[in-house]
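Please keep the sequence and the model in view while reading.

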Amino acid sequence: MHEQYQRAAELISSADALLVCAGAGMGVDSGLPDFRGDEGFWRAYPPYARLGLRFVEIADPEHFAADPELAWGFYGHRLDLYRRTHPHDGFAILRKWGEAKPGGVHVFTSNVDGQFQRAGFADVAEVHGSIHHLQCLAHCGIGIWPADDVVIDVDPESMRARTPLPSCPRCGSLARPNILMFGDYDWVPDRSQRQLDAFTAWRRTQRSLVVVELGAGRAVPTVRRQAELASAANGGLVRINPREPEVRHGRGVSLPVGALAALTTLDELLT
């Protein structure tokens, strides 16, 4: 793999700006589950294995209306987990690289965990929203607000939330995370759209861009496609993925390893 690492380091060092495209695999080295397949999800959440509920079923927005304790049990547990998780050292490596470039660094991610902001990144486009923000289930017009004061009491055996559940400060209706779920027609995209507009404006001004894609698979290919689109003109793509590392265009580099291991090795070469 020495040749691949050398090529990746050359792409990164020669670019004037850095785009980080991150999927769920980016958080694995921080101890976060990536929910890869039903078995992976059930290993992370055994109560749902007993119930026979898959990730795509529990991440259904209909539960907030039909069974809000079940819905908030899952998302309340995740909110607490993400708050307690410290970003691994790879985040700091990426931030260091980006801050040294004249064009800076932007992040495009499907992750809703807020880890990039916690690691100090200022420009993050969260295409699927954020668990750290809420919206009103009744669409009363309040918009989106931070979940900073929200604490969910979850029964670890049943994975159901105990009351009181988060409510809208304007109308008192049930609140839900501002996350794009499966089959979600009620998601309020305003916050994410503002981030995406800022990201698009930045990307259009960059003449020499390198894309470092981390942990983005094919199952929900939003991040993978963005990385390929952004790097199509110059082939400046470094794809870090231990399971699905293939790169379609010739100048891209494939590193079939985890995020932290790859970033650490690249940083040693670059410094």
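The sections below move from the whole chain to selected elements and residues.

## Basis of the report

The structure is a predicted model, in which local features need pLDDT of at least 70 and side-chain atom pairs count only at pLDDT 80 or more, while totals for chains, interfaces and linings use all residues. Residues are numbered from 1 along each chain as its sequence is written, and side-chain values use heavy atoms, with hydrogens and water left out.

## Overall form

The protein chain contains 11 helices and 11 strands. Helices (H or I, at least four residues) and strands (E, at least two) are DSSP runs, numbered from the N terminus. The chain is as compact as a globular protein of its length, because its radius of gyration is 19 Å, close to the 18 Å that the globule rule gives for 271 residues. That radius is taken over C-alpha atoms, and the globule rule is 2.2 Å times the number of residues to the power 0.38. Along its principal axes, the C-alpha trace spans about 55 × 40 × 30 Å.

Of the 271 residues, 52% are buried. Here buried means under 20% relative accessible area, exposed means over 50%, and partly exposed lies in between (1.4 Å probe, protein chains only). Contact means heavy atoms within 4.5 Å. Among contacts with a separation of 6 or more, 68% join residues 24 or more positions apart.

## Surface and charge

The chain carries 28 positive and 33 negative side chains, and the centres of the two sets lie 4 Å apart. Lys and Arg count as positive and Asp and Glu as negative, whereas His and the chain ends are not counted. Each charge is placed at NZ of Lys, CZ of Arg, CG of Asp or CD of Glu.

## Helix 10 and its cover

Helix 10 (residues 222–231) is largely enclosed by the rest of the structure, because seven of its 10 residues are buried. The buried residues are V223, R224, Q226, A227, E228, A230 and S231. Their cover includes strand 1 (17–22), strand 2 (105–109), helix 9 (190–204), strand 9 (209–214) and strand 10 (237–240).

## Aromatic rings

The structure holds 16 aromatic pairs. Rings of Phe, Tyr and Trp (its six-membered ring) pair if their centres lie within 6.5 Å. Ring pairs link F41, Y45, Y48, F55, F64, W72, F74, Y75 and F182 into a cluster.

## Backbone geometry

Most residues other than glycine have a negative phi, and most peptide bonds are trans. Against that background, the peptide bond from T163 to P164 is cis, with omega near 5 degrees. P164 lies in the loop between strand 7 (160–162) and strand 8 (175–179).

H139 is not a glycine, yet its phi is positive, at about 55 degrees. This residue occupies the loop between strand 4 and strand 5 (144–146) and is partly exposed, with a relative accessible area of 43%. M159, also not a glycine, has a positive phi of about 55 degrees. M159 is found in the loop between strand 6 (153–155) and strand 7, and counts as buried at 3% relative accessibility.

## Selected residues

C136 belongs to strand 4 (residues 129–136) and is buried, with a relative accessible area of 3%. Beyond its neighbours within four places in sequence, C136 is in contact with I142, G143, W145, C168, C171, S173 and L174. C136 and T163 are 27 residues apart in sequence, and their C-alpha atoms are 17 Å apart in space.

Q115 lies in helix 8 (residues 115–118) and is buried at a relative accessible area of 2%. Apart from neighbours within four places in sequence, its contacts are S30, L32, Y82, T85, H86, P87 and F91. H63 is placed in helix 5 (residues 63–66) and counts as buried at 17% relative accessibility. T271, in the segment after helix 11 (259–270), counts as exposed at 72% relative accessibility.

Definitions and conventions. Rings of Phe, Tyr and Trp (its six-membered ring) pair if their centres lie within 6.5 Å; planes under 30 degrees apart count as stacked, over 60 as edge-to-face and the rest as tilted.
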